[in-house]
Amino acid sequence: MPEVKSDSFSVGDAAHMAQALRLARQGLYSAHPNPRVGCVIVNDGRVVGEGWHMRAGREHAEINALNEAGASAAGGTAYVTLEPCAHHGKTPPCCEALIAAGVAEVVVAMQDPFNKVEGRGIAALRDAGIRVRAGLMQQAAEKLNEGFVSRVRRGRPLLRLKVACSLDGCTAMADGHSQWITGPEARADVQRLRAASGAILTGIGTVMADDPSLTVREAGLVSRQPLRVVADSRLRMPPSSCMLGLPGDTIVFCVDDSRREALELSGARVYKLQALDGRIAMIDLLAELANLEVNDVLVEAGETLAGALLAAGQVDELVIYQAPHIMGSETRGMFTTPGWQQLDQKMHLTITDIRRIGVDTRITARPVQAS
């Protein structure tokens with residue numbers, strides 16, 4: 001997303017926008033598919049109202065902050081992490097509410113990439129005589145909503161690939177046994193990744209071997225269940241799969257839907273896609289998820305699907321949980337990457353974060369070509 005031309009900002013401006021970003025993060029698990037947005041209203045150097053967007057269909061951050069500020073919003077400055085909306089959706093336009101409240105100034109972190117807004121909110125505020133400054137902490141705001149930006153700008157969700165492995169890069173024993181490679185703290189961290197995602201994607205091999213639930217199980221994180229997505233070219237998924245009996249929706253993507261009736265009777269939604277070399281074209285699968293307003297996809301899959309996504313350049317971020325033990329040579333690896341035989345075919349990564357999670361190490365990295 002192009003940089004918004006920045007105005008000049010004070011230390012106080014930065015402090016108020018930082019608080020607005022902290023408020024926005026409270027919608028990390030609940031705002032989907034809407035962006036996470038926070039708002040702080042200041043008058044005469046004093047915070048008079050704060051708000052954040054809790055859930056789609058509910059009041060936006062600006063409205064919650066204005067409701068708290070009341071008459072004190074008049075003549076004040078609103079700090080908003082995302083350009084106020086200028087269109088009628090499930091709620092009225094926020095720029096109209098800011099104008100009606102009589103705020104004198106709005107400071108915006110990032111412009112909204114959604115085509116029904118995209119500068120129109122800022123223009124409406126300026127047309128009403130309200131001063132607008134934009135670009136304060138833009139990168140932090142974009143990072144918080146990079147899945148939403150990806151869906152709107154690229155027509156596909158952000159794809160995050162999670163892998164749990166040993167120190168020697170093994171993800172399972174030769175017979176497929178993998179519970180548990182990492183410790184309880186790492187598994188709890190994965191629950192947070194799931195809760196922040198719009199969908200969890202796995203392959204039919206993982207379904208057949210592990211019969212996973214792909215749900216958020218920690219009570220404090222459950223505001224909704226992410227969409228469960230299975231890539232299953234030949235529709236081999238058993239109708240008795242446990243995820244089909246759990247709260248939330250399951251979508252199965254295939255290229256041969258001759259067995260769809262039994263799965264649909266068990267509660268699955270079956271989508272048929274065009275085949276690419278007899279398999280599901282992942283770019284089409286991601287486009288369909290974007291059409292379903294999915295911003296972020298977490299991949300929890302075996303080495304075949306993980307490797308195929310990586311080799312196809314569809315992975316935006318890897319989150320690798322590495323346990324401090326060695327599993328040996330009779331094991332399964334992290335990725336099966338077809339066609340890589342020369343050293344110069346290696347994929348370059350940029351490591352963005354390394355930290356301890358319990359006894360394990362979490363490595364976050366991005367493929368260079370996806371940056």
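This is a predicted model: local features need pLDDT of at least 70, side-chain atom pairs count only at pLDDT 80 or more; totals for chains, interfaces and linings use all residues.
The side chain of Arg192 meets that of Asp189 in a salt bridge, at 3.1 Å from N to O. Asp189, at 8% relative accessibility, counts as buried. Both residues sit in helix α7, 3 residues apart, and that separates them by about one helical turn. In general, an α-helix has 3.6 residues a turn, so residues three or four places apart point the same way.

Now to where helix α7 sits. Helix α7 covers residues 184-195 and lies across β6, β8, β14, β15, β17 and β18. Its direction is at about 165° to β15.

Those strands bring us to the sheet. How many strands form the open sheet, and in what order? There are 9, in the order β11-β10-β9-β8-β14-β6-β15-β18-β17, and the pairing is mixed. β11, residues 269-272, and β17, residues 349-357, stand at the edges. Each of these two has a single partner strand, so one side of each is left without a neighbour in the sheet. From one strand to the next, the twist averages 20°.

Strand β8, residues 199-203, pairs with strand β14, residues 296-299, in the parallel sense over 3 bridges. Opposite Ile200 stands Leu298 in β14.

Thr352 lies in strand β17. Is Thr352 buried, partly exposed or exposed? Thr352 is partly exposed, with a relative accessible area of 46%. Leaving aside residues up to four places away in sequence, Thr352 touches Thr364, Ala365 and Arg366. The C-alpha atoms of Thr352 and Glu317 are separated by 9.6 Å, and the two residues are 35 apart along the chain.

Salt bridges link Lys143, Glu146, Arg160, Glu317 and Arg366 in a network. The count of salt bridges comes to 22.

Next, another part of the chain, around strand β4. How much of β4 is buried? It is mostly covered: 6 of its 6 residues are buried. Strand β3, residues 77-82, pairs with β4 in the parallel sense over 5 bridges. Thr77 has Glu105 in β4 as its bridge partner. β4 also pairs with β5, again in the parallel sense, over 4 bridges. Here the bridge partner of Val107 is Arg133 in β5. Between these two strands the chain goes from β4 through α4 to β5, and this β-α-β crossover is right-handed.

Helix α4 itself covers residues 120-127, and within it Gly121, Ile122 and Leu125 are buried. Seen down the axis of α4, the buried residues fall within an arc of 100°, so they line one face of the helix. What do these buried residues pack against? They pack against α3 (94-101), β4 (105-110) and β5 (131-134). After α4 comes Gly129, whose phi is positive, near 90°.

My last stop is Glu105, already named as the partner of Thr77. As a general point, side chains of opposite charge can pair when their charged atoms come close. Glu105 counts as buried, at 11% relative accessibility; the cut-off for buried is under 20%. The side chain of Glu105 meets that of Arg131 in a salt bridge, at 3.2 Å from N to O. Arg131 lies in strand β5 and Glu105 in strand β4, so the pair ties together parts that are 26 residues apart in sequence. Glu105 also meets Arg133 in a salt bridge between their side chains, at 2.6 Å from N to O. This pair, too, links distant parts of the chain, with Glu105 in strand β4 and Arg133 in strand β5, 28 residues apart. Arg133 is buried, with a relative accessible area of 7%.

Key: Residues are numbered from 1 along each chain as its sequence is written. Side-chain values use heavy atoms; hydrogens and water are left out. Two strands pair if DSSP finds at least two bridges between them. Axes are lines fitted to C-alpha atoms, for helices over the stretch in contact, and angles run from 0 to 180 degrees between N-to-C directions. Contact means heavy atoms within 4.5 Å. Buried means under 20% relative accessible area, exposed over 50%, partly exposed in between (1.4 Å probe, protein chains only). The arc is that of the directions from the helix axis to the C-beta atoms. A crossover is right-handed if, with the strands pointing away from the viewer, the path from the first strand over the helix to the second runs clockwise. A salt bridge is a side-chain nitrogen of Lys or Arg within 4 Å of a carboxyl oxygen of Asp or Glu.
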